[in-house]
Amino acid sequence: LMATTTTTTTAAATTTTISTTPEAAKKKDSRGLEAIKQLFCGGMAGCAAKTLTAPLSRLTILYQVHPMVTTKENRPKFSMTIRGGFAKIVERGGVLSMWKGNGTSCLHRFPFSAINFY
């Protein structure tokens with residue numbers, strides 16, 4: 001931090017004045033702004049990565065939960081292959097259903113990735 005210090009001494013008291021140069025104030029502001037940029041970029045990178053992998057996460061969750069909610073005779077109604085699983089998801093809810101729940105996932109991922117990136 002660059003500062004100019006002036007000290008005046010009299011018989012009664014000592015006065016010290018510290019004046020900060022504009023360059024020093026600008027450096028301090030830019031450090032804070034740089035930290036915010038780093039946090040934001042880290043959070044956005046995490047959200048982008050999570051959004052790209054969301055269809056795979058959704059398929060994984062459906063494969064994990066499906067045996068718990070179906071009976072043995074209904075098992076063939078869901079696909080046993082990855083390609084068939086994607087086709088079933090799109091058939092039942094459309095293409096955008098591949099990213100169902102991604103908003104909540106990004107709410108979790110943004111601060112986590114921001115702190116890790118910083």
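This is a predicted model: local features need pLDDT of at least 70, side-chain atom pairs count only at pLDDT 80 or more; totals for chains, interfaces and linings use all residues.

Colleague: Which residues line the second largest pocket?

Modeller: The lining is made by K50, A54, S57, R58, I61, L62, K100, G101, N102 and S105. Two elements give two or more residues each: α1 (22–69) and α3 (102–117). Helix α1 gives the most, with 6 residues.

Colleague: What makes a residue such as K50 count as part of the lining of the second largest pocket?

Modeller: A lining residue needs an atom within 4 Å of a pocket point. K50 is on the list of lining residues, so K50 meets that cut-off.

Colleague: How does the lining of the second largest pocket split by class?

Modeller: There are 3 nonpolar, 4 polar and 3 charged residues.

Colleague: Now the surface. Which residues make the nonpolar surface patch?

Modeller: V90, V95, L96 and W99 make a patch of about 390 Å². V95 sits in the loop between α2 (82–93) and α3.

Colleague: Why is V95 called exposed?

Modeller: The cut-off for exposed is over 50% relative accessible area. V95 has 52% relative accessibility, so V95 counts as exposed. A patch residue needs over 30%, and 52% passes that too, so V95 also qualifies there.

Colleague: What is the layout of the chain as a whole?

Modeller: The chain has 3 helices and 2 strands. Along the sequence, the pattern reads β-β-α-α-α. Of the 118 residues, 19% are buried.

Colleague: How many salt bridges are there, and which side chains meet?

Modeller: The structure holds 1 salt bridge. The side chains of E91 and K88 meet in it.

Colleague: How do you know that E91 and K88 form a salt bridge?

Modeller: A Lys or Arg nitrogen must lie within 4 Å of a carboxyl oxygen of Asp or Glu. For E91 and K88, the N to O distance is 3.9 Å. That is within the limit, so the pair counts as a salt bridge. In general, side chains of opposite charge can pair when their charged atoms come close.

Colleague: Where do E91 and K88 lie?

Modeller: Both are in helix α2, 3 residues apart. That is about one turn of the helix.

Colleague: Why do E91 and K88 get their accessibility labels?

Modeller: E91 has 61% relative accessibility, so E91 counts as exposed under the over 50% rule. K88 has 21%, so K88 falls in between and is partly exposed.

Colleague: Last topic: R109. Where is R109 placed, and what is its label?

Modeller: R109 is in helix α3. Its relative accessible area is 23%, so R109 is partly exposed.

Colleague: How far is R109 from G46?

Modeller: They are 63 residues apart along the chain. Their C-alpha atoms are separated by 6.1 Å.

Colleague: What about A48 and M44?

Modeller: A48 lies in helix α1. A48 and R109 are 61 residues apart in sequence and 9.7 Å apart in space, C-alpha to C-alpha. M44 is also placed in α1. M44 and R109 are 65 residues apart in sequence, with 9.0 Å between their C-alpha atoms.

Colleague: Why do A48 and M44 get their labels?

Modeller: Buried is under 20%, exposed is over 50%. A48 has 40%, so A48 is partly exposed. M44 has 41%, so M44 is partly exposed.

How values were computed. Residues are numbered from 1 along each chain as its sequence is written. Side-chain values use heavy atoms; hydrogens and water are left out. On a 1 Å grid over the protein atoms alone, a cavity is a set of points where a 1.4 Å probe fits but cannot get out, and a pocket is an open set with protein on both sides within 12 Å along at least five of seven lines; lining residues have an atom within 4 Å of a point. Helices (H or I, at least four residues) and strands (E, at least two) are DSSP runs, numbered from the N terminus. Ala, Val, Leu, Ile, Met, Phe, Trp, Tyr, Cys and Pro count as nonpolar, Asp, Glu, Lys and Arg as charged, and the others, Gly among them, as polar. Patches are made of residues with over 30% relative accessible area and no salt bridge: like charges are joined within 9 Å, nonpolar side chains (Val, Leu, Ile, Met, Phe, Trp, Tyr) within 5 Å. Accessible areas come from the Shrake-Rupley method with a 1.4 Å probe; for residues, only the protein chains shown count as cover. Buried means under 20% relative accessible area, exposed over 50%, partly exposed in between (1.4 Å probe, protein chains only).
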